[in-house]
Amino acid sequence: MENTVRRAIAGGSAFEERIGYARAVVDGDRVYVSGTTGFDYAAMTISDDVIEQAEQCLRNIEAALDEAGCTLADVVRVRYLLSAREDFEPCWPVLRRCFGEVRPAATMQVCGLADPRMRIEIEVDARRGSGGKPRGGG
């Protein structure tokens, strides 16, 4: 059965190869997306603006979820990691736009991130099909 196969999804980040991790792992109907930053992985550039970083984090996460057969509507858990507490509230409208209807369990933590340019990192767990929205394709 395809649903029981563990599968790693690459996201295109140079960090994945250097460190040794996958952007996401599909394990049955569960999808675990690694902490994802605001890097545009195609260009390996990152904005200085925390709101733009949050938007890019979510685009990167959406791409991984899409490859796993999910959408943001399937997210059941989200973790926000920020390097500065005061950066969180400006991101709320972006986060609410993505998760306001979904209402996943959530945690925000202030911590040091791997690169001083990173201001926010977002990690999500999803369950395929839990969002109730039909998906096209396979």
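Start by selecting Asp125 and Arg79: their side chains form a salt bridge, 3.4 Å from N to O. The term stands for a side-chain nitrogen of Lys or Arg within 4 Å of a carboxyl oxygen of Asp or Glu. The pair links distant parts of the chain, with Asp125 in strand 8 and Arg79 in strand 6 (residues 75-82), 46 residues apart. Strands (E, at least two residues) and helices (H or I, at least four) are DSSP runs, numbered from the N terminus.

A word on what you are viewing: this is a predicted model, in which local features need pLDDT of at least 70 and side-chain atom pairs count only at pLDDT 80 or more, while totals for chains, interfaces and linings use all residues. Residues are numbered from 1 along each chain as its sequence is written, and side-chain values use heavy atoms, with hydrogens and water left out.

Stay on Asp125 and colour strand 8, residues 120-127, around it. Is Asp125 buried or exposed? Its relative accessible area is 14%, so Asp125 counts as buried; buried means under 20%, exposed over 50% and partly exposed in between (1.4 Å probe, protein chains only). Arg79, at 23%, is partly exposed. Now show the neighbours of Asp125: leaving aside residues up to four places away in sequence, Asp125 touches Val31, Tyr32, Asp74, Val75, Val76, Arg77 and Arg79. Contact here means heavy atoms within 4.5 Å.

Next, look at other charged pairs. The whole structure has seven salt bridges. One of them joins Arg117 to Asp115, with the closest N and O atoms 2.7 Å apart. Arg117 is partly exposed at 43%, whereas Asp115 is buried at 13%. Then move to Glu16 and Arg23, whose side chains meet at 3.5 Å, N to O, in a salt bridge. Both Glu16 and Arg23 are buried.

Six strands make an open sheet in the order 1-2-3-8-6-7, with mixed pairing; two strands pair if DSSP finds at least two bridges between them. Which strands stand at the edges? They are strand 1 (6-9) and strand 7 (105-110), each with a single partner strand, so one side of each has no neighbour in the sheet. Zoom in on strand 2 (residues 24-27) and strand 3 (residues 30-37), which pair in the antiparallel sense over four bridges. Ala24 has Val33 in strand 3 as its bridge partner.

Bring in the helices. Helix 2 (residues 50-68) packs on the sheet and touches strands 1, 2, 3, 6 and 8, its direction making about 150° with that of strand 3. Helix 3 lies across strands 6, 7 and 8, at about 165° to strand 6. The axes are lines fitted to C-alpha atoms, for helices over the stretch in contact, and angles run from 0 to 180 degrees between N-to-C directions.

Finish with the rings of Tyr80, Phe88 and Trp92, which ring pairs link into a cluster. Rings of Phe, Tyr and Trp (its six-membered ring) pair if their centres lie within 6.5 Å; planes under 30 degrees apart are stacked, over 60 edge-to-face and the rest tilted. Tyr80 and Phe88 have ring centres 5.5 Å apart and planes at 50°, so this pair is tilted. Phe88 and Trp92 are edge-to-face, 5.9 Å centre to centre with 85° between the planes.
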